[in-house]
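Take a look at the sequence and the model first, and then read on.

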Amino acid sequence: MSTMTPDEVRRGLFENRQAPYGAARNAHAEALSAAAEATGDRALLRQALDNQIDAYEFTAERTKMLVPFARLLQEYDRDPAAFSSGETHSLFWQFKWVATAISNSPEISLESAAGWIAEMERRYRIAGYSERPVREAELFLAEAMADDARAQRAAEAFMAAERDSMSDCHACELNTQGWFWSHQGDDAKAVEVWQPVLDGGRSCAEEPHRTLANSLLPLLRLGRLDEARAHHLRGYRMARGNESLLRSVGKHIEFCALTGNESRGLEILAEHSAHLRPLADLEARVTFYGGVLVLLRRLAELGHGDGPAVPFEGIPRTVHELYGVLHADALDIARRFDARNGNSRVSEQFAERIAQQPLVDLLPLGVRSSTLPAAPAVPPGPTAPVPDVSRETATAFADLVADARAARAQGHPRTEAAWEAVAARVDAEHMDAALNADLLEHRSMTAAEAGDPSARELFAAARDAHRAAGQEDRAALAELRLASAAVQFGAEAEEIRKLLAVAAASAAALGAEEPLRIRRIASVDLLKTRVEAYLGQDDPEVDARCAADLMDFLAGFADTEDIGPLADLLGDAEHMLARLALAEGEPERAEALLTSAASRSLGTGQPWLAVEPLALQAGVLMSLDRPGEAVEAARAALVHAVELPDAVRQGGLRLTLADLLLRTGEAAEAATHALDAAHWFDQAGLAAEGGAYARLLLTRAYARQERTAEAAEVLQSALPDLLEHGAHQGVQAREFLGDLLRELHDPRSAAEQYLLAAETTKDWKDPRPQASLAHSAAETLAGAGLVTESVAAYERALELHREAGDNPVAVVRILRSLAWLYLREESTDATTARARARMEEAAEYLDGATGPELTYELAQTWQQLAQVLDQHVDALNEQAEESEESEGAKEAEGAQAGSAEQIHRLRVEAVELWDRAAGLYAGLGPEHVQQRFQCLSGAAWTDRDLGRAEAGAARMEALAAELRDLPEGTAPDWVLSRAEGAAEALRG
């Protein structure tokens with residue numbers, strides 16, 4: 001095996017520190033430590049051991065750091081003076097990691113662990129550090145060994161001791177303190193302590209990631225469900241895929257299992273299935289597995305025990321199988337801790353954790369999650385003997401029938417459920433002709449609502465059954481519904497009109513003593529108008545005739561003293577008339593009709609009938625620029641829909657209200673309703689349709705509240721659905737997600753979304769959308785340091801903007817961005833020449849441009865070109881200094897002479913450019929005095945470098961004099977003071 005040279009080891013250490021944390025980095029760190037030791041270079045060995053310890057800390061192998069740390073500590077004891085101050089600080093800092101790792105290692109005895117804590121305390125005291133980190137380490141050990149009294153003392157001492165340079169960051173310490181209070185059963189205190197971290201005021205590499213996960217169950221137990229949801233969305237996004245945060249990932253899985261979100265929990269588990277392997281950190285393993293086991297047990301309870309879970313050790317596993325494997329492993333680890341600690345606390349806490357029951361039945365999370373397959377039906381047991389139908393049973397059944405008939409008479413939304421209850425209980429002994437007809441009517445209504453063509457035959461059968469039972473009023477209603485079903489299932493117009501004529505005759509034939517006769521006749525008239533409107537769709541003449549018929553219909557009851565039984569029909573007519581008014585471009589008249597229609601429904605004690613007119617009225621009011629009234633109408637519609645069982649309608653109403661609220665600036669409430677809308681659409685099986693739009697709206701509401709991480713998480717989950725809703729919708733969604741990811745400092749992912757969106761638009765006739773997306777991608781790639789990719793994206797955006805020809809500002813800004821990208825690596829003659837060419841191209845593009853916006857861009861171009869030249873002057877000066885140090889006197893003198901001449905030319909040109917830009921800014925007015933100052937300042941100091949300090953001072957003095965003459969408040973005070981200071985410094 002070849003050995004590595006010290007330089008190769010150093011280079012390897014540098015590369016290893018840049019690598020992502022994980023098993024590969026750990027293995028490389030181990031190899032580098034062995035190679036460093038083989039060189040005999042003690043300093044290099046210290047660096048390698050330090051790197052190895054750091055690599056372990058942020059993975060699930062952190063307990064492996066004990067060996068390299070012990071080696072490093074030996075090196076320190078051998079020769080403390082050989083350690084630099086930085087190396088010494090790192091060693092003592094890593095002592096805290098080791099103390100925690102020891103507590104989490106059941107193979108290390110309590111005596112040995114306590115000895116390490118004592119050694120840490122001794123060394124910290126000698127070094128003059130606070131005991132705060134020592135007491136924190138003791139707290140972890142006391143908790144691990146189930147010594148409550150010692151844990152209490154350690155916690156009090158930890159929080160009382162002073163902070164110093166060896167203390168953990170505030171965020172980590174607050175996490176520990178809240179964790180302690182949570183373990184003490186005081187959730188409210190824990191959340192209070194965590195609040196500065198949860199609010200984002202305190203953070204570090206692993207915070208608030210861990211605290212967000214730790215807060216989930218305490219918040220649920222406190223009933224603070226909205227916060228728990230938000231912390232899951234934010235926190236899981238931070239913890240996802242991070243091996244050192246598997247404990248936190250397990251807590252997110254556990255949270256899903258205890259909030260009715262088992263399918264999302266299973267998705268999270270699938271994303272981390274690769275981590276279901278024997279982890280070196282046993283405490284991390286049992287904690288992670290614990291959260292997974294809560295989910296698996298819950299899935300089994302819901303009937304999914306034989307369904308697929310995720311593979312383990314490369315083998316597909318069912319829920320039951322995976323539970324068995326993980327439970328046995330985790331329980332073995334818990335018992336190993338118990339054996340070390342001399343008690344059963346860890347096993348007991350483990351059993352309590354995995355036995356938890358849901359804390360809420362369902363907490364909608366907003367994110368799109370796949371639906372679990374229906375659990376297999378439990379096979380029926382032995383058939384029990386049928387008991388005799390007692391008098392009480394017969395009475396109860398009669399009450400069910402009476403309740404169903406009363407609900408039907410009222411038109412109540414629970415009618416269908418009431419008849420379902422009757423159908424489930426009926427038998428031959430209870431059946432009579434009237435009930436048979438009623439159940440046939442119920443079956444026909446159910447079939448029609450489901451879009452089943454057999455509804456027509458069922459309505460006919462129900463009609464005949466009602467007639468046979470002597471219920472002519474219901475037979476007449478069945479005739480009406482038969483005509484309506486003919487329309488629904490696409491019958492010919494002639495057939496529909498014949499059926500309507502039969503229905504009208506049946507209604508008219510009802511006896512004068514029949515209380516529902518007038519209602520049946522009115523219902524037929526109203527349906528006739530509806531049908532004619534349907535048959536003559538998009539025919540203005542038909543619309544006008546229908547509107548006239550509706551007006552006649554309403555007028556026919558104007559003088560009727562008791563129209564109460566017909567109020568809902570009149571409201572229905574007004575609702576239809578309002579829609580016709582909207583089609584004719586009369587929103588004010590439509591709004592008045594909708595108000596009346598809703599009022600009639602409310603007056604009848606049937607608030608659910610007011611829902612449709614109120615929801616439509618909300619949209620009309622918004623179009624009339626009456627947003628406050630629109631929101632109130634939508635709120636009222638939602639309130640009156642409380643008894644509607646239709647999940648699609650419930651989702652739609654909430655989506656409407658959320659949209660209106662967002663448009664009126666009420667983002668927080670809009671988010672609540674959008675979240676509920678997504679839930680209702682999911683329940684209706686429309687997660688990919690209405691649910692996708694609800695999530696898009698929820699994303700916008702979160703973004704308005706600057707809840708960016710939650711917004712991104714929701715939108716990413718809905719993106720596959722939104723992409724199916726057309727190219728324009730998909731492009732908008734990707735661009736929005738790109739904006740969110742950019743704000744979350746994830747430039748690579750953001751650029752990916754912009755580029756995918758741009759790819760979708762490449763065949764569109766209008767090149768501007770693709771140009772804008774390519775431009776955004778280029779900016780984001782540049783921010784990520786991907787220069788080559790950024791240049792390519794800028795070039796494409798430049799080509800598209802030029803093709804569109806209507807955005808000169810974008811063109812010149814891209815040209816300037818390209819110029820600066822050429823200089824990203826270094827400023828040489830070649831790169832400066834390329835940058836200059838782009839700047840000059842931008843100026844040429846603006847040649848002859850007029851207007852303040854384009855004048856400003858030209859000024860910016862000259863100013864930035866001056867900065868490019870100035871940057872190159874600095875680079876040439878550095879090269880000259882290096883040349884002087886490395887070359888012979890004669891060669892250095894020649895190089896300096898050539899460089900001096902070039903530098904002089906560049907400085908003269910830079911001054912000219914700054915002057916040119918300053919003149920343009922001056923023409924734009926005093927609001928651009930800051931940019932003008934920057935140009936004149938650059939020119940003045942360059943004048944000094946050219947030996948013209950007096951000229952530079954004169955520039956600043958002239959600007960200062962001009963600023964003094966401006967009205968107070970026109971220019972920032974700092975500009976005047978800095979101009980005066982620069983003038984004085986230049987003259988000095």
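## Cysteines and overall build

The structure holds 0 disulfides, a disulfide being a pair of cysteine sulfur atoms within 2.5 Å. This is a predicted model, in which local features need pLDDT of at least 70, side-chain atom pairs count only at pLDDT 80 or more, and totals for chains, interfaces and linings use all residues. Residues are numbered from 1 along each chain as its sequence is written, and side-chain values use heavy atoms, leaving out hydrogens and water.

Buried means under 20% relative accessible area, exposed over 50%, and partly exposed in between (1.4 Å probe, protein chains only).

| Residue | Relative accessible area | Class |
|---|---|---|
| Cys-204 | 29% | partly exposed |
| Cys-256 | 0% | buried |

Now for the whole chain. The protein chain has 45 helices and 0 strands, counted as DSSP runs (helices H or I, at least four residues; strands E, at least two). Its radius of gyration is 39 Å, well over the 30 Å that the globule rule gives for 988 residues, so the chain is more spread out than a compact globule. That radius is taken over C-alpha atoms, and the rule is 2.2 Å times the number of residues to the power 0.38. The C-alpha trace spans about 125 × 85 × 55 Å along its principal axes. Of the 988 residues, 49% count as buried.
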